[in-house]
Amino acid sequence: MAEKNAVSNGISTLLNNEQEFNVVGKVKTYPELTEVVSAARVDVLIVDGELFEVAGLDLIEQIRSRADVKIILLFDPQVTDFRECFKLPIEGFIGKGSTFEELGFAIDQVFNGNRFVSTSIVLPYLDNEIQQPRIFDTIETALLSDREKEILVLMANGFTNQEIADKIFTSKRTVEGHRQSLISKTGSRNTASLIRYAMYNGLIEPE
């Protein structure tokens, strides 16, 4: 608790020292938070990620029902899943340990209607995403037969079912069966999405 208070006090002191900011309140609990939001005019609300973990989406809904306020979530990206947080109706995301200059910039951005993600969050997230093996390469290709891969390449190059059948010396019905199997195995909605998915994941390259 002492560490949380130190962080809160530090942020408040820094913000109050800037003429463009005015801290209207500091809270430790969910009930205190909703009370302050209801009683005072709050333009930007900085919420500790640990409080959000406890209250969840209900926290955001309660805040929105009481005031037209922008929300900045302050959290540790090594503990909290940024991918899931980014789907939420939150305007700003600041990593614990970010500089005061970045926090001030984040407040300005969200106050003016923009979304903001600090570099301490987005850079490690992108590094992790880049290093992850592609799902199609590691899973889906193992499920495809050599014939299916051959047909997939022909499909990507614009050949019809009948033309593919003529090229590989089989029936049109057999090609149609392989096409449906490819769609099913990759979880695609249709042929077009199957081709886009396969090309995006590097499985095929049009001639």
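Trainee: Is phenylalanine 116 buried or exposed?

Mentor: This is a predicted model, in which local features need pLDDT of at least 70 and side-chain atom pairs count only at pLDDT 80 or more, while totals for chains, interfaces and linings use all residues. Residues are numbered from 1 along each chain as its sequence is written, and side-chain values use heavy atoms, with hydrogens and water left out. Buried means under 20% relative accessible area, exposed over 50%, and partly exposed in between (1.4 Å probe, protein chains only). The relative accessible area of phenylalanine 116 is 11%, so this residue is buried.

Trainee: How many aromatic pairs does the whole structure hold?

Mentor: Rings of Phe, Tyr and Trp (its six-membered ring) pair if their centres lie within 6.5 Å; planes under 30 degrees apart count as stacked, over 60 as edge-to-face and the rest as tilted. A search of the whole structure on that basis gives a count of two.

Trainee: What is the angle between the planes of phenylalanine 86 and phenylalanine 93?

Mentor: Phenylalanine 86 is partly exposed at 36% relative accessibility, whereas phenylalanine 93 is buried at 0%. Their ring centres are 5.6 Å apart, and the pair is tilted, with the planes at 45°.

Trainee: How many residues apart in sequence are the parts tied together by phenylalanine 105 and phenylalanine 116?

Mentor: These two rings form an edge-to-face pair, 5.6 Å centre to centre with 70° between the planes. Helices (H or I, at least four residues) and strands (E, at least two) are DSSP runs, numbered from the N terminus. Phenylalanine 105 belongs to helix H6 (residues 100-111) and phenylalanine 116 to strand S4 (residues 116-117), so the separation of the parts in sequence is 11 residues.

Trainee: Which residue lies over the face of phenylalanine 86?

Mentor: A charge sits over a ring if NZ of Lys or CZ of Arg is within 6 Å of the ring centre and within 35 degrees of the ring normal. At 4.2 Å from the ring centre of phenylalanine 86, the residue over its face is arginine 115.

Trainee: Which residues form the covered face of S1?

Mentor: Side chains in a regular strand alternate between the two faces of the sheet. The uncovered face of S1 has Val44, Ile46 and Asp48, and the covered one has Leu45 and Val47.

Trainee: How many residues are in the largest nonpolar core?

Mentor: A nonpolar core is a set of buried Ala, Val, Leu, Ile, Met, Phe, Trp, Tyr and Cys residues joined through side-chain atoms within 4.5 Å. Among those with the most contacts inside the largest one are Leu45 and Phe93, and its residue count is 18.

Trainee: What arc do the buried residues of helix H10 cover around the axis?

Mentor: The buried residues of H10 (residues 161-168) are Asn161, Ile164, Ala165 and Ile168. They lie on the same side of H10 because they cover an arc (taken from the directions from the helix axis to the C-beta atoms) of only 100°.
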